Every structure is written in structure tokens, then in C-alpha cells.
Amino acid sequence: MLSKNFELLREMLRYKRPHNSKHEEKFIQDFIIPIGVSRDSFGNFYRKIGDSKVIWSSHTDTVHSEGGFQKVVYDQKSKVFRLPAKSKSNCLGADCTTGIWIMLMMIEAGVEGLYIFHRGEECGGLGASWIAENQKDMLSEYDYAIA
């Protein structure tokens, strides 16, 4: 039996979410919006906790070729999440679902920093590039960025 936090990760891994797909939007509505974020004009999301000079970032899209939901199983023997044998999905999507999950756990624990959930990473780093070009003043306030 998995803990509540690992059940959350399994649920998050179910979402196949290419950039700008309805499944990416549903993922954002289900997991990002509820934590109280702000949104920039590109569509990136931000949550600031405390005064730390660290940016934590991850991205909301996956490399899946089509949106939808997939079955994800937990392998008790190897202690990993995986797709079932003969799955029609083309990948697990743990990049960057695991990053988002870790950031959600850090936010819940009150770890300070600026949390950025950027968009369009898997199709060319669009959201991160937008931030670099349009948020220079904001970025200059931080000493470290960990993705």
C-alpha cells in the first residue's frame, strides 16, 4: 500500500499532457491552481514562500505525442512506478511530473523560495525563454535556480 503522497504522484503520472492540450490544462487545474499561484501573460505559474533567494522550477507539459490518461502501476518488487506491460502509452511522463510533485511537497512543507511552473518546455523551452526575456528584473532578485 502506498502513502498518500505516493498515491498523489501516481495520479499525477496518469496525465499525458502535451503543451496546450486539454489534459495539460486539466492537470494545471487539478494540481497547480489549488496551491494558490499567480499566472503571467505567457501562462507560467508562480508561488512565492518567504524571502529565499532560490528559484525552484519545473514544467507542466510532458513529451507525450497525444493527450489523455494512462494506467500507471507501482511495482512492489522494484519499488518503481511504471506503465503496465503492453501499454499503448509512449512514455511514463515522469519528466517533469516528478519535479512538480517534489515542488508540491516542498510547498506543503513550507520550504522557502520562488516556485515556477513553466509551460512549453518539451516543445522548445517556451515558458522558460519567455521568463528569461520578459522577467529579467524579477530574476535578478535571485541567486540560484534549481530545476
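Modeller: Helices (H or I, at least four residues) and strands (E, at least two) are DSSP runs, numbered from the N terminus. This is a predicted model, in which local features need pLDDT of at least 70, side-chain atom pairs count only at pLDDT 80 or more, and totals for chains, interfaces and linings use all residues. Residues are numbered from 1 along each chain as its sequence is written, and side-chain values use heavy atoms, with hydrogens and water left out.

Colleague: In which helix does T97 lie, and is T97 buried or exposed?

Modeller: T97 belongs to helix α3. Buried means under 20% relative accessible area, exposed over 50%, partly exposed in between (1.4 Å probe, protein chains only). The relative accessibility of T97 is 0%, so T97 counts as buried.

Colleague: Which residues is T97 in contact with, leaving aside its neighbours within four places in sequence?

Modeller: Contact means heavy atoms within 4.5 Å. With those neighbours left aside, the partners of T97 are L9, M12, L13, R17 and T62.

Colleague: Which residues in α1 meet α3?

Modeller: On the α3 side the contact involves A94, T97, T98, I100, W101, L104 and M105. Facing them in α1 are N5, F6, L8, L9, M12 and L13.

Colleague: Which strands stand at the edges of the sheet, and why is one side of each left without a neighbour?

Modeller: The open sheet has five strands in the order β2-β3-β8-β4-β9, with mixed pairing; two strands pair if DSSP finds at least two bridges between them. Each edge strand has a single partner strand, so one side is left without a neighbour in the sheet; these strands are β2 (38-39) and β9 (144-146).
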